Amino acid sequence: MTTYSPAPDARPEGNPTYAPDGGPTLAQQIGAFAEHCATHGIPPEVTASVGQRTLDILGLCVAAHRLPTSAAAIDHVLDQGGHPQATIVGVPTKVNAAQAAFANGVLAHSLDYDDTHLPSVLHPSASVVPAALAAAEHAGASGELTSRAIAVGIEVAVRLGMAGYDAELGNSVFFEHGQHATSITGAMGSSVAAAMIYGLDAKGIADVLGITASMAAGVIEANRTGGTVKRLHCGVAAQAGVTAAQLVKRGFTGPPTVLEGRFGFFQGWLHGQFFPTAITEGLGQEWSVPGIFFKPYPANHFTHTTVDAGIAFREQGITPEMVESVVVGVAGSTVRTIGEPIEVKRTPDTGYQAQFSGPYAFAAGLIGGGGLATGLDDYSDELAQDPARRALMAKVDVVADEKCNDIFPFQFPAVVTLRTTDGRELVQEVLTNRGGPARPLSDAELSRKFADNVAGRVADDVAAAVSTQVLALQDATDLPGVLAPLSTFITDTEESK
């Protein structure tokens with residue numbers, strides 16, 4: 001592998017540039033970077049991270065079959081018909097590549113259990129991985145090229161997301177405008193991944209970005225007032241990426257200044273408020289991919305360190321009966337998500353509401369559960385309404401903490417103070433997130449999460465074999481064969497044999 005270094009004349013020969021400094025445009029620089037990686041490879045630590053993220057996404061796709069929205073999305077795709085080009089997880093009938101990318105993207109993001117980049121708060125793998133796998137099956141691509149494409153697609157999504165992150169504001173400008181950056185930049189990253197797999201050169205990859213910018217979308221009003229539309233976002237992004245790459249392969253072109261232009265991507269979405277160096281600085285030398293945070297627990301990421309604090313108290317021998325009161329200190333801007341209104345957060349009616357509850361997170365950690373300490377089955381409607389958990393949640397307050405404010409949004413820390421019934425005051429400071437660079441999940445832990453997510457649908461020995469193959473995705477010579485065991489699920493009868 002050689003290291004990519006942007007050159008002043010990185011634009012394809014004969015393709016005029018409209019960049020202010022006379023050099024290649026942002027899209028052209030991304031195109032040159034992607035073409036280089038397709039040909040020359042990516043760093044070993046990035047390759048390893050791609051295998052982990054692909055395994056994580058496939059497990060989530062299986063687990064998401066429990067949701068009625070997943071059935072609706074799959075039924076919609078199957079109703080369209082089309083050529084059998086790629087696999088939908090859990091569906092034996094193959095569909096065309098763009099539709100497979102859509103369905104798997106919907107599945108991947110529906111449980112809010114997919115990885116998160118900080119501080120942009122993007123979930124890049126849930127669109128890029130489905131897009132790349134669908135294109136790879138269709139094109140007959142090797143595991144090596146697929147791995148490289150996923151890496152570059154995720155990197156592009158994150159860098160475009162960070163171009164919209166305002167450090168002074170401490171938040172994404174996309175979010176300030178009510179836009180879901182996950183699906184907007186995810187579509188762009190998905191398109192680059194698909195373009196690489198379909199064999200497009202630097203010029204073609206830049207064109208794909210130019211096409212996808214007219215497809216990328218996502219509005220997050222559902223976070224405020226409800227609706228299940230957010231579950232569609234990564235599916236639409238993945239579908240857009242595959243479609244755009246296919247259209248460019250057939251001759252469509254895009255504007256070279258699609259990103260920075262007067263009527264381009266950043267003007268259209270962010271009214272021109274963006275930071276271009278986030279896209280280009282260190283491109284090819286510094287990779288974001290290995291540092292993206294995995295979710296060890298199936299809940300809003302702001303709650304994870306509170307779960308960890310509960311686990312730590314449990315390991316010290318604290319039981320629910322010993323708890324007099326609990327104060328969960330978190331970054332002030334997260335209180336409204338996991339602590340307000342506190343009466344509602346203490347009494348979630350559904351497992352979904354429990355995923356966004358600081359009091360429930362503490363209870364789940366203290367009581368313990370499946371997976372990597374809490375799993376999907378620990379966020380059920382029944383447990384959300386469990387009298388014992390509600391009695392514990394009634395003792396929990398969620399407040400802003402200055403130490404946490406100083407760390408957020410690069411981590412989602414918690415300082416949890418517990419007073420026991422015998423008058424002791426115990427404190428747990430969890431200042432870094434499990435699953436991030438400071439506390440990474442091992443291959444074994446990610447395989448355990450995968451096994452937990454596919455339990456009851458994929459036999460244990462099959463899950464173990466899939467884990468081994470996907471973690472070594474770059475070595476796969478038969479990608480459809482790797483995915484085939486996940487295209488059908490076992491029945492209760494088969495499991496009992």
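**Pockets, cavities and salt bridges**

Helix 10 gives the largest share of the lining of the largest pocket, with four residues. The model is a predicted one, with local features needing pLDDT of at least 70 and side-chain atom pairs counting only at pLDDT 80 or more, while totals for chains, interfaces and linings use all residues. Residues are numbered from 1 along each chain as its sequence is written, and side-chain values use heavy atoms, with hydrogens and water left out.

Back to that pocket (on a 1 Å grid over the protein atoms alone, an open set of points with protein on both sides within 12 Å along at least five of seven lines; lining residues have an atom within 4 Å of a point). The largest pocket holds about 1700 Å³ of space. Its lining takes in 50 residues, and N223, K230, N300, T337 and F356 sit closest to the centre. At least two lining residues each come from helix 7 (173-176), helix 10 (222-225), helix 15 (332-338), helix 16 (342-345) and helix 17 (351-354); helices here are DSSP runs of H or I with at least four residues, numbered from the N terminus.

Two cavities of 30 Å³ or more turn up, a cavity being a set of grid points where a 1.4 Å probe fits but cannot get out. The largest cavity has a volume of about 80 Å³, with volume taken as the space filled by probe spheres set on the points. It is lined by 13 residues, and L58, T87, N104, P130 and L133 lie nearest the centre. Helix 2 (44-63), helix 4 (97-109) and helix 5 (125-139) are the elements that each give two or more residues to this lining. Helix 5 gives the most, with five. By type, the lining of the largest cavity has 10 nonpolar residues, two polar and one charged.

V236 belongs to helix 11 (residues 233-249). With a relative accessible area of 38%, V236 is partly exposed, a label for values between buried (under 20%) and exposed (over 50%), with a 1.4 Å probe and protein chains only.

Salt bridges come next (a side-chain nitrogen of Lys or Arg within 4 Å of a carboxyl oxygen of Asp or Glu). The structure has 15 of them. In one, the side chains of K449 and D56 meet at 2.9 Å, N to O. That pair ties together distant parts of the chain, 393 residues apart, with K449 in helix 22 (residues 443-454) and D56 in helix 2. K449 is buried at 1% relative accessibility, and D56 is buried too, at 5%.

Another salt bridge joins R66 and D377, whose closest N and O atoms are 3.6 Å apart. Here the partners are 311 residues apart: R66 is in the loop between helix 2 and helix 3 (68-80), and D377 is in the loop between helix 18 (358-367) and helix 19 (381-384). R66 counts as partly exposed at 37% relative accessibility, whereas D377 is exposed, with 57%.

R424 and D422 also pair up, with 3.2 Å between the closest N and O atoms. R424 is partly exposed at 37% relative accessibility, while D422 is exposed at 53%.

Notes: Ala, Val, Leu, Ile, Met, Phe, Trp, Tyr, Cys and Pro count as nonpolar, Asp, Glu, Lys and Arg as charged, and the others, Gly among them, as polar.
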